[in-house]
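Have the structure open beside you as you read along.

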Amino acid sequence: MGKGPELKFYNTLTREKAPFTPIDPNNVRMYVCGPTVYDFAHIGNARPAIVFDVLYRLLRHVYGESHVTYVRNITDVDDKINARALRDHPGMELNAAIRLVTEKTEAQYHQDVAALGCLAPTVEPRATDNIRQMVAIIQSLLDKGHAYVAEGGEGREVLFATASMADYGQLSKRKLEDQQAGARIAVEAHKRNPGDFVLWKQSEANEPGWPADFTENGQTIAIYGRPGWHIECSAMSQRYLGDTFDIHGGGLDLIFPHHENEIAQSRCAHGTHVMANLWMHNGFVQVEGRKMSKSEGNFVTIHELLATEKFGGRSWPGEVLRLAMLMTHYREPIDFSVKRLEEAERLIAKWPAIEDDGSAPSEAVIAALADDLNTVAAVQVLHALAQAGAPEFAASAALLGLTPKARQLDSALVEGIEAIIAMRLEMLKAKNFAEADRIRDELLAKGIQLKDGKDKETGERVTTWEIKR
């Protein structure tokens, strides 16, 4: 323990970068919101998996592998999952159908993130295995006056009373009075406050559910139902990390309402000042300059990138996808594009094979990561190490999770390819198409595939290349 420089991270809760001091250096605890396993994970889901894997690796390096606990949950209670289970397995008992649907997508998620170089978390709890913990937290909130039972439009609900928490909204900096203006009258009808949110909701006969008895004002109320989204993470983090822990991570889109409501539930149930000391959020992911959506036609899953030709007319190695993500700081938005992947692939192609020789990672790489996980600077240092043939290269690459198994093209060969491509472009300008085709075919026989196109700004012919795998 205690290796390297002091760790400093940006805390969304305080809006500032500050030194990181774990509650217990012998057990550094981190929780990250994992996938909702109703469909294959998309490229936006890949970013938090990669970002917090790098953080996990850094913490293990600084404090020791056995002194870091990383919990990443599996959300398998969700209305979209219910609908998919009914569609894919008609006639089957619904809870069993849900397990079938989520086990398939969960297995694919594990396969995908492993291909991206991510380590398995220490614990990976499923929401359905933690219902008892959720019910216990909800009852604690009822006992302390932070929750109440109401008759909603879809049956009975247990709701969190946001007005009962004096400083609700600390993470997102939203005030309760700001939320009332946009609230629907239908929502206000059964809520004490428009910002109140569901902890437990009644299930219909064709919906999954669990029996739960709640006590309010001395009266026992039985509600066969299912948990709200936010209570799931409060229960799983508390079970495996305690009432208060070190780091909570996730995407920027989860700050409100998910993480805000996690904080409210957990703090009020356990009587703590904070839920987690440090809150870290990665930025959004766009695809080819646009927000990713199925209607835009740019929705792409990790599996499609790894195993199909949907994106850029080819599949992409996991280490290339990972490096493309790490070439932007985790808090900045990222434009995921074919051009970016090609840039990452060309960079990797200039690096030597990853061979573990027992060397320690470069202090400069560690220092970059210690400064709010600056992977951009770390990659720059890593490239310089590769070019210099430094012995620290392999361990430094491993610290970033960049460990391609196959030997990459060396720098001299890359420069040679670029020179050959330049010569071929001159042949094309001179209309010597036969020679240009011969060069293309010769490179293809060596596993180098050329792609001709035009520069969007100048209209001039450009040629890029890739390793044909």
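Predicted model: local features only at pLDDT ≥ 70, side-chain atom pairs only at ≥ 80, totals over all residues.

**Entry 1**

I started at His 258, which I found in helix H8 (residues 255-270). For helices (H or I, at least four residues) and strands (E, at least two) I use DSSP runs, numbered from the N terminus. Residues are numbered from 1 along each chain as its sequence is written, and side-chain values use heavy atoms, with hydrogens and water left out.

Is His 258 buried or exposed? His 258 has 0% relative accessibility, so I noted it as buried. My cut-offs are under 20% relative accessible area for buried, over 50% for exposed and partly exposed in between, with a 1.4 Å probe and protein chains only. Leaving aside residues up to four places away in sequence, His 258 touches Cys 33, Trp 229, His 230 and Cys 233; contact here means heavy atoms within 4.5 Å.

I then checked the record. The UniProt annotation "binding site", from an unreviewed entry, covers Cys 33, Cys 233, His 258 and Glu 262. These residues are spread over 230 residues of sequence, yet they cluster in space, with a largest C-alpha distance of 11.1 Å. I keep in mind that UniProt positions are given in the numbering used here, that feature names are shortened, and that annotations may be inferred rather than shown by experiment.

Next I looked up Cys 233, which sits in helix H7 (residues 229-241). Cys 233 counts as buried because its relative accessibility is 2%. What does Cys 233 touch, not counting residues up to four places away in sequence? I listed Tyr 31, Cys 33, Asn 73, His 258 and Glu 262.

Back in helix H8, I stopped at Pro 257. Pro 257 counts as partly exposed, because its relative accessibility is 31%. I also noted that Pro 257 and Ser 172 are 85 residues apart in sequence and 8.3 Å apart in space, C-alpha to C-alpha.

**Entry 1**

Axes are lines fitted to C-alpha atoms, for helices over the stretch in contact, and angles run from 0 to 180 degrees between N-to-C directions. Angles under 35 degrees count as roughly parallel, over 145 as roughly antiparallel, 65 to 115 as roughly perpendicular and the rest as oblique.

On the H4 side I wrote down Gln 133, Met 134, Ile 137 and Ile 138, and on the H7 side Ile 231, Glu 232, Ser 234, Ala 235 and Arg 239. By class, this contact of H4 with H7 has five nonpolar, two polar and two charged residues. In this scheme Ala, Val, Leu, Ile, Met, Phe, Trp, Tyr, Cys and Pro count as nonpolar, Asp, Glu, Lys and Arg as charged, and the others, Gly among them, as polar.

**Entry 4**

Which strands make up the open sheet of four? I read the order as E5-E6-E7-E10, with antiparallel pairing; two strands pair if DSSP finds at least two bridges between them. Strand E5 (147-152) and strand E10 (225-227) are at the edges with a single partner strand each, so one side of each has no neighbour in the sheet. On average, neighbouring strands here are turned by 30 degrees against each other, direction ignored.

Strand E7 (residues 197-202) and E10 are joined by three bridges, and Trp 200 has Pro 227 in E10 as its bridge partner. H4 packs on this sheet and touches E5, strand E6 (155-160), E7 and E10, its direction making about 120 degrees with that of E7.

**Entry 2: H10 and H11**

My last stop was helix H10 (residues 318-326) and helix H11 (residues 338-349), whose axes come within 8 Å and cross at roughly 110 degrees. H10 and H11 are therefore roughly perpendicular to each other. The residues of this contact of H10 with H11 divide into eight nonpolar, no polar and three charged.
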